[in-house]
Amino acid sequence: MSTKHYFPETAVNTLVPRALKSLVAANPFLSLIESERVVLNNKHDQACVSVISGGGSGHEPSWSGFVGDGLLSAVACGDIFASPSMKQVMAAVVSAPSDEGVILMITNYTGDRLHFGLAAERALAAGMSKKVVVLPATDDVSIGRSRSGIVGRRGMPGHIITLKIVGGAASKKFSFERCVELGRAVNSQLVSIGSALDHCHVPGRQNHESIPSDVCVVGAGIHNEPGAQKISPFPSVEKLIEQLLQLLCDQNDQERAFVKFDSGDEVALLINNYGGLSNLELGALTDEVLTQLSKSWSITPIKIYAGTFESSLNGPGFSVSLCNLTKAASDSSSSLQELIDLLDAPTNAPAWPNVPAVATNVPRKEALYTNGIVKKPDIPVSEDLKIDSNLLTKVLRTACEKAIAAEPNLTKWDMVMGDGDCGEAVSGACTAILALLSSPSAIASTGSILSVLYSIIDAVDDMGGTLGAIFGIFLSSLLTSLRSSCTSSNSPTAEIFATALHAASTALKQYTGAREGDRTVMDVLLPFSDCFYESKDFGKAVKVAREKAEGTRFLKPKFGRASYVGEGGKEQELPDPGAWALMEILEGLREGMD
């Protein structure tokens, strides 16, 4: 793993907008909403179904490189390895309107499901489209059925095949229902497995884990998380490919026989570079895969794609994906030829193989976007809660400063069990709130708790990632509950806050299956809320929050990317970063009240 970069001191997320600007500069049919990091197709036809994707950055060319005629209408790009926020996804929906409906195609990760799901509900409620659906890609086989039962299989680079087929269908003006049917059928006939030599290196970050030289990882994901299995001593290429194909094709493996390959079935193969392999080595790996598919499994792919489709920054690894086109055609009441035609349909998306050259001096369509889809309403006096403005400022400032101070540990812990973005995301949101407290229109200057909450929700909406979605949903529900509990005679009391927090926690449970014991932020949020609701004692509830945060050291993760990490020892007995971040914030709130 190379630790040298041309931007060694630069925060990696500042590179994302520069990369997107360069993409748009080179491809005049694309436009960029820079504030929301949305790339859109200037020529999107509103009469066609809008196919929108996105996810964390660091996977280039996914997903911005696949925007264009015959593929994606728009994409929303999050921070490195962190899902885009709901606001970003909404901006993508607004930028690619459709009279037929909107399909949000994502990889199956918790943050993406939450943010894109919330955007789908908002878009429907706002009447932006009459039909909106989220289609998660679930092609990974590394974990197996029993361990992926709660969260489902991960999305892996095989979903690029699904994107191309659905995008091609939309461009041919297939109906919304038909496009959805094709997407689900193709996804159900996809299997993928990854392998890596080491983790990728994120510019500007320190303390990266590394894989020993005599170890090869099987089941490597695309977010720098540890793989499901580590093989030592290092196997030969032949043995490695044999094991990978066994995991994809063996019908006797009850954990992983997700797709059946019968004699005569036509198959598409996609070999994806994680970003750190040479084209020469990737070509040799592709040849070995083709050789063993034919010799051991009697499979000769009818379509072969090899290259960098969905990377993991400079990750030295690759993935193998197989799609049974014959069975996908049957599942969607299509013909094999129709699916092949959709794969072969022309597209000008920059990252799709064999894209023709396009002149850069053609007129550009202006990107139309109004920042701030959800406007802050006026708060009637009868529905407001106010406290001393100096106290409110002190409480918020102390909480934010404690969370920012915890960033190094949050990042370090998250790099062991996740993708390393938690600390930066929390620190970024808290830094934004501190700036709002100190701005000329200081958000706490009137002492209005509800006004401050609106401003904090805006900052959290920009946070992205699973934690951002959890906080966003919780705070939005808390705001609603507080407003509904207010009357002209109300003054802030523990009773009011405890009841509203309890209602917000209950509402949040509708959007996530995570509960106490699953090693997530919910291990602190739910016990804290319950204790405060029962005791009306904030200090007591904060003590419970710390106890629960400490206790996450010994819990096995069941949600998010950490749930895919292989069994570890003492080195994995670390607090859950999201749970710890919330505990730091709660302790800061309590200290600020003193």
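Two bridges join strand E7 (190-196) to strand E8 (216-218), and the two run antiparallel. Two strands pair if DSSP finds at least two bridges between them. Helices (H or I, at least four residues) and strands (E, at least two) are DSSP runs, numbered from the N terminus. This is a predicted model, in which local features need pLDDT of at least 70 and side-chain atom pairs count only at pLDDT 80 or more, while totals for chains, interfaces and linings use all residues. Residues are numbered from 1 along each chain as its sequence is written, and side-chain values use heavy atoms, with hydrogens and water left out.

- Seven of the seven residues of E7 are buried, where buried means under 20% relative accessible area, exposed over 50%, and partly exposed in between (1.4 Å probe, protein chains only).
- In a regular strand the side chains alternate between the two faces of the sheet.
- In E7, Leu190, Ser192, Gly194 and Ala196 point one way, Val191, Ile193 and Ser195 point the other way, and all are buried.

**Helix H6**

- Helix H6 (residues 237-249) has 13 residues and reaches 18 Å from its first C-alpha to its last.
- That span is close to the 18 Å expected at 1.5 Å a residue; the expected span is 1.5 Å times one less than the number of residues.
- The buried residues of H6 include Leu240, Ile241, Leu244 and Leu245, along with Leu247, Leu248 and Cys249.

**The six-stranded sheet**

- Six strands form an open sheet with mixed pairing, in the order E1-E2-E4-E3-E5-E6.
- Strand E1 (30-33) and strand E6 (132-137) stand at the edges with a single partner strand each, so one side of each is left without a neighbour in the sheet.
- From one strand to the next, the twist averages 20 degrees.
- Strand E3 (residues 50-57) and strand E4 (residues 74-80) run parallel and are joined by five bridges.
- Serine 53 stands opposite valine 75 in E4.
- Helix H4 (residues 159-171) packs on the sheet, touching E3, strand E5 (102-107) and E6; contact means heavy atoms within 4.5 Å.
- The direction of H4 makes about 170 degrees with that of E5.
- Helix H5 (residues 176-188) lies across E5 and E6, running at about 15 degrees to E6.

**Two helix pairs**

- The axes of helix H10 (residues 389-405) and helix H12 (residues 422-438) come within 9 Å and cross at roughly 150 degrees.
- Axes are lines fitted to C-alpha atoms, for helices over the stretch in contact, and angles run from 0 to 180 degrees between N-to-C directions.
- H10 and H12 are therefore roughly antiparallel to each other; angles under 35 degrees count as roughly parallel, over 145 as roughly antiparallel, 65 to 115 as roughly perpendicular and the rest as oblique.
- The axes of helix H2 (residues 86-95) and helix H3 (residues 110-125) come within 8 Å and cross at roughly 50 degrees, so H2 and H3 are oblique to each other.
- Residues making this contact include Met86 and Val89 of H2 and His115 and Phe116 of H3.
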